[in-house]
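Colleague: I have the files open and some time before class. Could you walk me through this one?

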Amino acid sequence: MDQPPLNSLYQTLILEHYRRPRNKGELDDKTVEVHVHNPVCGDEIKLQLKVEGDVIESARFVGTGCSISQAAVSMMTGLITGKKLSDADALAARFTRMMHGDAEAARDKQLGDLRALQGVSKFPVRIKCALIGFDALQEALKRTGGEGGA
Amino acid sequence: MSLSIDAAVVRRDFPILEQQVNGRPLVYLDNAATSQKPTAVLDALDAYYRRDNANVHRGIHELSRRATVAYESARSRIAGFIGVSDPGEVIFTRGTTESLNLMAFSWGLEFLKPGDEILLTGMEHHSNVVPWQLVARRTGAVLKWIELDDQGRLRIEALPSLLGPRTRLVSLMHVSNALGTINPIAEIVRVVRARSEAVVVVDGAQAAPHLPLDMAALGCDAYALSGHKMCGPTGIGVLWARRSLLEAMPPFMGGGEMIKVVEREASTWADLPHKFEAGTPDIAGAVGLGAAVAYLEHLGMERIQRHERELLGYALDRLAAVPGFQALGPTDPSERSGVISFTLGDAHPHDIATILDSEGIAVRAGHHCAQLVMKRFGVSATARASFAFYNTTDDVDRLVEGLGVVRGIFG
């Protein structure tokens, strides 16, 4: 099966987040930290959240990896800042559905910049790259005792 | 530029290479991961299953006789390929990983004592690191390391100071899958012999497909290789070791085929090589590997080596002109094999591989099961183009063109 065109993968917005990641660095006052690592490709994300009550006050990350993994986590941290834990969990679920080809989920405006990653779903070997940050988020939510564990 | 092998002719033997991938003719540059298989190997597998299939060394019937002859002929041919006169020293395994694990778990668990030293190198594949870690933990042996210089060559000048009476085993790769470095095995063995009684094990996975091999000239005690990287099928490989060493080692696995007499209390072992081949072996795999070795011998390993060296020289020259291109490994082409592990500016190796794939070019991206090497050179991953004798200068030109597309996206 032939690949879809490359420009469906390497959207300008993705490359822009890759070159200038948002929320990159460490949090001084984190309440939870999750380190995820893809041993197959070496992608690594350390995600830190500061959670107060049931709200994510701030989110930062450090990591290395491909444009898809780094752009996705950069976009994700922006979107979850100020969100309730349950909303962040719902976002993770929606994004995961989009990655698995759910066109309905992909139309959801709440995904914001993350919608630029829709094309990744057509590159099966790269879907894991887009999901690594959300894997970290779901683990962080679980540890925080929110609804992420579900 | 004309190379030592007329690839246009050789490529007819590899039907898989005649295809379009993503709308472009396939350029297969992932040979260090696995090689493609010539029709001679496919035909040997097919003929074995269609005509001769039976279990070996057991049956009285004609098919079992034929299967046994095919299996043992493959062993003899492989012995010849690596310059060994005693086929009993050639053990069939699933591949290099199993061969190295066999050495670690049979030899290592039997002979290593607390405080004994195992000497490895900083360029080893995980398959030549992890088995020794497992065995060291169980025996109390200690791992020591030969470090790499900035060009990814072993610091052999430090070797004498790493060797001593406690050094019981040295295990290292012949050719690096992540750097391309060819290690001077014969020279290393001489230094080891002068200062220790250590057993020397060599991981030949990346050497056997590309260099003429002669165990006597290398001087090592054991050598591991994988069939699938040298035009053979997956699931078959070889451990060669000196008869005296194999005889001193206990069996690695127990089962049928590896015994003489089984009693309730204890059993006695079959002679070499069967002592190390418990259970029904991968007979077809061995037959396929025998055919692969015959194919390589027909082309000539010296010629293959020459062709790949010419191609490597051409590739390194052309790639050096690509802005942002940076290769790991020795700068002198005579010190390396046809493995080019590289980075390209800010483009991550996975993105490089995806973009090259869209151009029909297959390369590997990642840590290449050599995380120690990645750490040594301060990268998390590289892209890797690796050659075989069926690659051409056209393939290199397509790679250079593909990297232009990468640069177009990542700037």
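This is a predicted model: local features need pLDDT of at least 70, side-chain atom pairs count only at pLDDT 80 or more; totals for chains, interfaces and linings use all residues.

Modeller: Let me begin with a term we will need: two strands pair if DSSP finds at least two bridges between them.

Colleague: Okay, and which residue in β2(A) does Val34(A) stand opposite?

Modeller: Val34(A) stands opposite Leu47(A), which belongs to β2(A).

Colleague: What is the order of the strands in that sheet?

Modeller: The sheet is open and has three strands in the order β1-β2-β3 of chain A, with antiparallel pairing. At its edges stand β1 (32-37) and β3 (55-64) of chain A, and each has a single partner strand, so one side of each is left without a neighbour in the sheet. From one strand to the next, the twist averages 15°.

Colleague: Which helix lies across β2 and β3 of chain A?

Modeller: That is helix α2 (residues 67-80) of chain A, and its direction is at about 165° to β3(A).

Colleague: Switching topic, how does the model score?

Modeller: The model has an ipTM of 0.87 and a pTM of 0.94. For chain B, the average pLDDT is 96, and 100% of the residues score at least 70.

Colleague: Then let's look at the largest nonpolar core. Which residues touch the most other members?

Modeller: Those are Trp240(B) and Val287(B), in a core of 123 residues. Helix α10 (residues 283-299) of chain B supplies the largest share of this core, namely ten residues. Domain 1 (7-30 + 300-410) and domain 2 (42-297) of chain B both contribute residues, so the core lies between them.

Colleague: What is Val287(B) in contact with?

Modeller: If we leave aside its neighbours within four places in sequence, Val287(B) is in contact with Ala44(B), Leu45(B), Tyr48(B), Ala70(B), Tyr71(B) and Ala74(B). There is also a second, separate core of 43 residues, which includes Tyr10(A), Ala72(A), Leu85(A) and Val120(A).

Colleague: Is strand β14 of chain B largely enclosed or left open, and why?

Modeller: Strand β14 (residues 339-344) of chain B has six residues, and five of them are buried, so the strand is largely enclosed by the rest of the structure. Three bridges join β14(B) to strand β13 (residues 325-327) of chain B in an antiparallel arrangement, and here Phe325(B) stands opposite Leu344(B). Another four bridges, also antiparallel, join β14(B) to strand β17 (residues 382-386) of chain B, where Ser341(B) stands opposite Arg384(B).

Colleague: Last one: which peptide bond is cis?

Modeller: The bond from Leu272(B) to Pro273(B) is cis, with omega near 0°, and Pro273(B) lies in the loop between β12 (267-269) and α10 of chain B.

How values were computed:
Residues are numbered from 1 along each chain as its sequence is written. Chains are lettered from A and ligands numbered from 1 in the order in which they are written. A nonpolar core is a set of buried Ala, Val, Leu, Ile, Met, Phe, Trp, Tyr and Cys residues joined through C-beta atoms within 7 Å. A residue is buried if 20 or more other C-beta atoms lie within 10 Å of its own, exposed if 12 or fewer, and partly exposed in between; C-beta atoms are placed from the backbone. Helices (H or I, at least four residues) and strands (E, at least two) are DSSP runs, numbered from the N terminus. Domain bounds come from an automatic or database domain assignment. Two residues are in contact if their C-beta atoms, placed from the backbone, lie within 7 Å. pLDDT is the predictor's confidence in each residue, from 0 to 100. Axes are lines fitted to C-alpha atoms, for helices over the stretch in contact, and angles run from 0 to 180 degrees between N-to-C directions.
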